[in-house]
Amino acid sequence: MDEIVKMEHVYQYNEMMGQETLHPLVSVIDFSKCPKARHARRMYGFYCVFLKDVKCGDMRYGRHYYDYQEGTLVFMAPGQVVEVEVKDKPQVPPKGRALLFHPDLLRGTSLGRNIAGYTFFSYEVNEALHLSEQERQVVMDCLQNIQSELKHAIDKHSRTLIVSNIELLLNY
């Protein structure tokens, strides 16, 4: 069994993916600008929402395989173990987006108080959310809004906008 690589901070994921950290508590990643996926078991200390535009391996979430197909959203909560098994030869280049946010970003917000109610972050759910083109566009708009805020100095107003866009994405 492979060792579990623990990543407690968003910047660690950014470093692994060769991306600049614009904010220590939140990041939007464009996988097309990242290296190809490697087989690994990981446990994150932050929330992850992955929008996959290509299947680049099989994903084991907890003890079960996840319905991890092209055009899906995948959700992970802090402390959960995920394993991506890359079997295809040659490797498929990654494509899609990721939203990473640390629980500290949500502290003192309504989303922070209610995040446990979003059951798609649970191991009990092993079906990915398959998106229509319209739904995908809403997700992309939310990610773009968050990315735009990250390019500026973060203040209380920016944090509110970022958390609001995360909440909009999760509610949609």
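The model is predicted: local features need pLDDT of at least 70, side-chain atom pairs count only at pLDDT 80 or more, and totals for chains, interfaces and linings use all residues. Residues are numbered from 1 along each chain as its sequence is written, and side-chain values use heavy atoms, with hydrogens and water left out.

Start with the inventory. The protein has five helices and 10 strands. Both are DSSP runs, numbered from the N terminus: helices are H or I with at least four residues, strands E with at least two. Of the 172 residues, 46% are buried. Buried means under 20% relative accessible area, exposed over 50%, and partly exposed in between, with a 1.4 Å probe and protein chains only. Contact means heavy atoms within 4.5 Å. Among contacts with a separation of 6 or more, 75% join residues 24 or more positions apart.

Now the sheet. Strands of a sheet pair through backbone hydrogen bonds, either parallel or antiparallel. Here five strands form an open, antiparallel sheet in the order β2-β9-β4-β7-β10. Its edges are β2 (26–30) and β10 (129–130), each of which pairs on one side only. Two strands count as paired if DSSP finds at least two bridges between them. Strand β7 (residues 72–76) meets β10 over two antiparallel bridges. L73 has L129 of β10 as its bridge partner.

Two helices pack here. Helix α4 (residues 133–150) touches β2, β4 (47–52), β7, β9 (96–101) and β10, and its direction makes about 125° with that of β2. Helix α5 (residues 156–171) lies across β2, β4, β7 and β9, at about 120° to β9. Axes are lines fitted to C-alpha atoms, for helices over the stretch in contact, and angles run from 0 to 180 degrees between N-to-C directions.

Next, the cores. A nonpolar core is a set of buried Ala, Val, Leu, Ile, Met, Phe, Trp, Tyr and Cys residues joined through side-chain atoms within 4.5 Å. The largest has 27 residues, and those with the most contacts inside it include V26, L99, F101 and I166. At least two residues each come from β2, β4, β7, β9, α2 (103–106), α4 and α5. Helix α4 gives the most, six residues. Beyond its neighbours within four places in sequence, I166 contacts V26, L99, F101, L105, L111 and I146. Another core lies apart, with 17 residues, among them Y13, I29, M76 and L100.

Strand β3 (residues 40–44) is a separate case. Five of its five residues are buried, so β3 is largely enclosed by the rest of the structure. A40, R42 and Y44 point one way; R41 and M43 point the other. Strand β1 (residues 4–7) pairs with β3 in the parallel sense over four bridges. M7 has Y44 as its bridge partner.

Last, some single residues. L25 sits in the loop between α1 (10–16) and β2. At 22% relative accessible area, L25 is partly exposed. L25 and P103 are 78 residues apart in sequence, yet 8.0 Å apart C-alpha to C-alpha. C34 is buried at 11% relative accessibility, and C142 is buried at 2%. The structure holds zero disulfides, a disulfide being a pair of cysteine sulfur atoms within 2.5 Å.
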